[in-house]
Amino acid sequence: MLKTSLLGKDFNSEPGSLDDRSKSFSESRGSLASENIHPAEEASGLSIMQTLIHLLKCNIGTGLLGLPLAMKNAGLLVGPISLLAIGILTVHCMVILLNCAHHLSQRSQKTFVNYGEAMMYSLETCPNAWLRTHSVWGRYTVNFLLITTQLGFCSVYFMFMADNLQQMVEEAHMTSNNCQPRKILVLTPILNIRFYMLTILPFLVLLVFIQNLRMLSIFSTLANVTTLGSMALIFEYIIQEIPDPSSLPLMASWKTFLLFFGTAIFTFEGVGMVLPLKNQMKHPQQFSFVLYLGMSLVIILYICLGTLGYMKFGSNTQASITLNLPNCWLYQSVKLMYSIGIFFTYALQFHVPAEIIIPFVISQGSESWTLFIDLSVRTALVCLTCVSAILIPRLDLVISFVGSVSSSALALIIPPLLELITFYAEDMSYVTVAKDIMISILGLLGCVFGTYQALYELIQPINHSIANSTGVYA
């Protein structure tokens, strides 16, 4: 990976195989986790406060802005309770992952193992001979899911930026200094949402050509500032004059609840980041305190934004809460700031799968073509995320789909199975075995039915009066 990154890898090292590069993928996971840490910090390790900040940044992304719609899909009572339950299960699975990685690192006499390596080392000692022989596929599977999730994030970013850009541009002639709540009138878009995606595409291609994390860290800092300012203004608005919520359903349809599950899992983006964060701490034994504190704050933030946003906008809640904000210059600036933050975050999210895929592709070609291959693969990957966004321009459904398919596997399905395999020969209690099986089954059911419902909704004709995709409002 890149020099002075969170992993402390050297950017100038020779490109390795796909297998070697895939080892470091899960270490770089997280919404803004690719941000640099200064050399002095690497030498002494991260403090509790620095680790807490990184953990918070890992879990605050675009999924957060979709939580009000997730609450609408679950119901005013069921939504917050379910989000709390999913949060608790996710944190528990993070703890499982930490315990398994610690045990496996001691067993293999390594200082640190990442998510993929933990799966591989665990399978190497499992009772089944076939799994022991093919243990490397455990790492491949985890890394594939991580890559899929990461590129899925990038595709969601395309839609998020295009949605907000369309609304800002096509409402510019109506924007004023008077911040009144939006009405329900839906105007016909002047330009198709796909046009705005294609407009953004060349700028993102140029952005991902930047391979130096020192340069990207500047953009990361800018993204952090704009995101913080945007969140402050969003909360400032939604807590004002909240309508009577008595008309809102306490429990929604089970079909829309499946979409809630995918969105909720998608929002907890930091599961792959807990291992490298613990490894980089000055006192790793204190990481449990940081994890519980940080994730408690994250869950409270999620529940507050989701519940208050749904209570504020009710049945008119959009795929991103920014699309519900008033059409005035103040709140148009919120969309602009958050979009700028997401724009630069795209490069940080994209950097990780690129560092796995590109060295492998380069190794298949001539050394004289290295630069051309590098830039071509970067361009192709950005175009791939753009094409997927163009083909499925439904922000809410893509978030739910990515969350159901890959995020649920990484956050709920694999960690309990990893614990079963790792400690199978060490007299696990029946309660622990039953608990792990139940969590994995719950995650699998959510994955299967959530994916089915998201795909079902995707193939339905879009009714622009009720769709959760972008509409332009007066």
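1. Basis. The model is predicted, so local features are taken only at pLDDT of at least 70 and side-chain atom pairs only at pLDDT 80 or more, while totals for chains, interfaces and linings use all residues. Residues are numbered from 1 along each chain as its sequence is written, and side-chain values use heavy atoms, with hydrogens and water left out.

2. Overall content. The protein has 18 helices and 2 strands. Both are DSSP runs numbered from the N terminus, with helices being H or I of at least four residues and strands being E of at least two. Of its 474 residues, 56% count as buried. Buried means under 20% relative accessible area, exposed means over 50%, and partly exposed lies in between, for a 1.4 Å probe and protein chains only. Among contacts between residues at least 6 apart in sequence, 85% join residues at least 24 apart; a contact means heavy atoms within 4.5 Å.

3. Helix 6 against helix 14. Helix 6 (residues 78-107) and helix 14 (residues 287-313) pack at about 160°, with their axes 10 Å apart. The axes are lines fitted to C-alpha atoms, for helices over the stretch in contact, and the angles run from 0 to 180 degrees between N-to-C directions. The two helices are therefore roughly antiparallel to each other. The angle classes are: under 35 degrees roughly parallel, over 145 roughly antiparallel, 65 to 115 roughly perpendicular, and the rest oblique. Helix 6 passes helix 14 in a right-handed crossing. A crossing is right-handed if the near helix is turned clockwise from the far one by less than a right angle, and left-handed if anticlockwise.

4. Residues in that contact. On the helix 6 side, the residues include Leu84, Gly87, Ile88 and Val91; on the helix 14 side, they include Leu291, Tyr292, Met295 and Thr307. By class, the contact of helix 6 with helix 14 has 15 nonpolar, 2 polar and no charged residues. Here Ala, Val, Leu, Ile, Met, Phe, Trp, Tyr, Cys and Pro count as nonpolar, Asp, Glu, Lys and Arg as charged, and the others, Gly among them, as polar.

5. Helix 6 against helix 7. The axes of helix 6 and helix 7 (residues 115-124) come within 10 Å and cross at roughly 60°. That angle makes helix 6 oblique to helix 7. The crossing is left-handed. Leu97, Leu104 and Arg107 of helix 6 make the contact with Tyr115, Ala118, Tyr121 and Ser122 of helix 7. Sorted by class, the contact of helix 6 with helix 7 has 5 nonpolar, 1 polar and 1 charged residues.

6. Helix 6 against helix 18. Helix 18 covers residues 430-459, and its axis comes within 12 Å of that of helix 6, crossing at roughly 125°. This makes helix 6 oblique to helix 18. The crossing of this pair is left-handed. In helix 6, Leu89, His92, Cys93 and Ile96 meet Lys435, Asp436, Ile439 and Leu442 in helix 18. The classes in the contact of helix 6 with helix 18 are 5 nonpolar, 1 polar and 2 charged residues.

7. Side chains of opposite charge can pair when their charged atoms come close. The structure holds 3 salt bridges, each a side-chain nitrogen of Lys or Arg within 4 Å of a carboxyl oxygen of Asp or Glu. Glu419, Lys435 and Asp436 are linked in a network of them. Lys435 meets Glu419 at 3.2 Å, N to O. This pair links distant parts of the chain, with Lys435 in helix 18 and Glu419 in helix 17 (residues 395-422), 16 residues apart. Lys435 also meets Asp436, at 2.8 Å from N to O. Lys435 counts as partly exposed because its relative accessibility is 24%. Glu419 is buried at 12%, and Asp436 is buried at 0%.

8. Arg378 forms a salt bridge with Asp374, and the closest N and O atoms are 2.7 Å apart. The two residues are 4 apart in helix 16 (residues 370-391), so about one helical turn separates them. Both Arg378 and Asp374 are buried.

9. Val433. Val433 is found in helix 18 and counts as partly exposed at 25% relative accessibility. Leaving aside residues up to four places away in sequence, Val433 touches Leu420 and Met428. The C-alpha atoms of Val433 and Leu417, 16 residues apart along the chain, are separated by 9.5 Å.
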